[in-house]
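Here's a quick briefing on a two-chain model, written for someone who likes the cut-offs spelled out. Have a look at the structure first, then the notes below.

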Amino acid sequence: MKRRDLLALAGAPALPAGAAAAVAGGARPTPWRIHAVTYRGRTDVERGFADYFAARGIPVQITWRDIALDPARLPRLVDEIRRERPDLVHTWGTGVTLGIAGRWDAPDPARYVRDIPVVFSLVAAPVGAGIVPDVHAPGRPVTGVSHVASLAVQLQTMADYRPYRTVGMLHSPNEPNSTAVLNELQALGRSRGIAVLARPFRANASGQPSADGAAELVRQLHAQGAQWLYMPPDSFLSTQARDVVVPAALALGLPAFASTEQLMSAGALLGLVSRYYNVGQFAAFKAEQILSGKVPAARIPVETLTRFSLQIDLAVARRLGLLPPLDMFNYAELVGDARNGSS
Amino acid sequence: MSALPPDPQRLQSRLVATILVAVMLGMLGVTWATQRAFQELLRPELQRKAGVVGGSVGELVGKALDHGLALPELAGVPAHLDAVRRQHRELAWLALRDDAGAVLFSSGRDEGMHGVAVPLLHQGRQVGVVETQVSDAWIRHTMLEAALDLGVVFVVAIFLTRELLHTFVSVGAPPRAGAAAGAAAGASALARLRLPLFLFMLAEESTRAFLPGYARALAPAGSALSPDLLAALPIVVFMLVVALGQPALATWSERAGPRRMLLRGALLGVVGLAGAALASGVAAFVAWRGLCGLGYGMVFVAGQGLVLRHTTAAGRTRGFALFVGAIMAAAVCGPPIGGMLAEHVGPRAGFALAAVLAALACLAARGVPREAAGGADDGLAAPALRDYARVFGQGRFLWVTALAAVPAKLILAGAVFYLVPIHVLAAGGSPAVAGRAMMLYAVALVLVLPRATAWVERGVPLARLVGAGLCVSTLGGFALVLGDGVLPVYLVTVLLGLGQGLSIAAQSSLLAQVCAAEIGAHGSGPAFGAYRLLERLGNAGGPVLAGALALALGTASAFVALAGLILACGLAFALLARRMAR
């Protein structure tokens, strides 16, 4: 006890003024400057992120930037960040994070932010996508929060609800996270004797994935015997799930499984998800460690929330005639009756 | 008519017998009352528990109903009921009935008995019931288990009481004057030896039921040796130390004096058992067991030496009977006590208790009187190498040892000390069950041994007793063909006890008979030294053989294979008997 007190005293003068004030609970005269880059406007992640600082009285000034689903806007934002030199950058999703920070193994300082700490949210496969070499030791000032449960657990959850031999999946070939998940899914499928049917979204003239024919792809998966539609953490899929993909599956009586909260709210039957709000709060906690705690971002591990919500949409279950097994009433969060019609 | 003063020795025996009978009657009464009380309390208690389980199922169903589901459309109900029944093995039947009484979902078998019905309420209205029935078979099984436990406690209590009475009565006997004084002093010294010997053997025996399972659990994941073989290793090392240490220890005992050796051996036992209780890995555990083996060997040799020093040639048989009696009593009491303790408190606590018992043995050993300097010639001196060479060259010696004595030890150590605890564990039984089975072995042995000794004295052909005993001891192993459960294991140990009891007494006499020429020329030392050494190596080899068989065939088939192997030896022994007798 005594020794620790001494250390604290000895360390105090060495802390920067801002941190000392934050530790003492007082207001920091100049707020931390944070650039937050989103993919399709602010979500619960950003709300959780901002609320975390507000609740702790940590003054931050957040500059919101959105690319409106268009990765072509990212280079301009990189220029802006390098010019304005904020204290930290927060990024939403794999595509945005890669556009801002680049791959860890292909450094091109001219094109990416290299010397300002980046904290990401909602990157499903940070190692598979090449953002960090190792989740335990990022090795560069990029860290953040993953939001997806282990794929093995997701597959088991589907089987617990409704046993299956064949699973279908739609994915965007230009999204590294989606490709990483597909590879893992195929490997797991081989070891467990589950057939995996995968269909990429079609590309438009500029090579970007397109919603055209997405409903037809779902029909093909169903015709080939898919018993579940697995919806991976795919940014483009997230934008098409509610209006195109899930309705197509529902019409065929094909249950859809959601790997993210956003996909769940698009009308999936079942999901094992992290709450976006909590993901944002966890990301803010990591940002606080970097800003006030002076821990180098390179030494902060990438983590997943330890708890996931098993969500079941009871209205969808009724429509599909696939009511949840009795066991799941013990631990599932039933979202159907609460959200009836509102989706 | 003037009555002769009663012989104090006979008076003592009568006193012991009377107290034993009183204790037995008391125990019987307690056993009966406990069993009855248990019977009366068990069913209501299980019914109450069934009601609680039914209530929790009802609560979950209620949640589903609150979300707008109707009772008949619930999904995954039988799977849930099955899972609940797996958790609560006492339930024979679990069902959901609608408000008209029709069964909608169920798990298990409707035994048609009066079950416990918990109403299912939804929005204040009863929409059905959850019905549970307690399994009669389960109750019978539980009652049987309880009766067996009580039976074990009964037997153990009798043996313990007998042992303590022997100690108190003999040690407390008044010294007699005159010519008998020397013999009386010897008898008193032997009586004082009995308690430390019993306590020390009890310490070792109490670890038998859980030792292999404990070693198995200590095995690291992904080790090169299979867990089955690792479980055999501590027994093998222990037995090897005992076997190979014996000759050197015998010499040492002569030089240092058996009393001192007894104390040091017991102390080593305390250290070894305490170390085993704290061992963090298999290697450390095996090392501690090796130390225990050294302690055991020292106590054993010292015990023999003390018997020899405190008896004359005439009283020697009685002296050794006392020695064997203490070991047998420990073999009856140790495994079930240790097994029960390991089941309820864990094997580490079991080893801790064993260490405490060994420490008590240490204290008790201080009461053994110092012996006069210089020892009696006990014939235990280690044979020289050329003695071994000569003895091993004799066909009849090999006939008795290789085909009877060694196989008997192989099956004893392989089946009782190794396979029984491992198999019981694999079959879902507890160390207490293994301890019980081991106790049956010892009890059967204790019951048969005096009778077989009488047969030997009456002149029943020795080879016939040895051969028959060995064959009988294997029969239980074949019972494993009948089923994988725990009951055949009891058959294994009982028949092993019977068989070994039949052959043990005859075996050494037979050896003396067939090696008469050798003994006439060189004394009994070389022949019996070599015979004991081979026997003890058989003890060490048993778990290795059984472990290898278990690894290749599984524990149940290993019993059968081991039994087949030893039966073949027994039959070969019997077939050769006529030729050897010539």
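In chain A, β4(A) and β5(A) run parallel and are joined by 3 bridges. One of the residue pairs here is V119(A) with its bridge partner T143(A) in β5(A). This is a predicted model, so bear in mind that local features need pLDDT of at least 70, side-chain atom pairs count only at pLDDT 80 or more, and totals for chains, interfaces and linings use all residues. Residues are numbered from 1 along each chain as its sequence is written, while chains are lettered from A and ligands numbered from 1 in the order in which they are written.

**The sheet in chain A**

- Strands and helices here are DSSP runs (E, at least two residues, for strands; H or I, at least four, for helices), numbered from the N terminus.
- The open sheet has 6 strands in the order β2-β1-β3-β4-β5-β13, with parallel pairing (two strands pair if DSSP finds at least two bridges between them).
- β2 (60-66) and β13 (303-304) of chain A sit at the edges with a single partner strand each, so one side of each has no neighbour in the sheet.
- β5 (residues 142-146) of chain A pairs with β13(A) in the parallel sense over 2 bridges, and T304(A) in β13(A) is the bridge partner of S146(A).
- Helix α11 (residues 276-291) of chain A packs on the sheet and touches β1 (32-38), β3 (88-92), β4 (118-121) and β5 of chain A. Its direction makes about 155° with that of β5(A).
- Contact means that C-beta atoms, placed from the backbone, lie within 7 Å.
- β5(A) is mostly covered, with 5 of its 5 residues buried (20 or more other C-beta atoms within 10 Å of the residue's own).

**A helix pair in chain B**

- The axes of α14 (residues 462-478) and α15 (residues 487-514) of chain B come within 7 Å and cross at roughly 160°. Axes are lines fitted to C-alpha atoms, for helices over the stretch in contact, and angles run from 0 to 180 degrees between N-to-C directions.
- That makes α14(B) roughly antiparallel to α15(B) (an angle over 145 degrees).

**Where the chains meet**

- The contact takes 14 residues from chain B and 10 residues from chain A.
- On the chain B side, α1 (8-66) and α2 (77-87) of chain B are the elements that give two or more residues, and α1(B) has the largest share, 4 residues.

Conventions. Two residues are in contact if their C-beta atoms, placed from the backbone, lie within 7 Å. Angles under 35 degrees count as roughly parallel, over 145 as roughly antiparallel, 65 to 115 as roughly perpendicular and the rest as oblique. A residue is buried if 20 or more other C-beta atoms lie within 10 Å of its own, exposed if 12 or fewer, and partly exposed in between; C-beta atoms are placed from the backbone.
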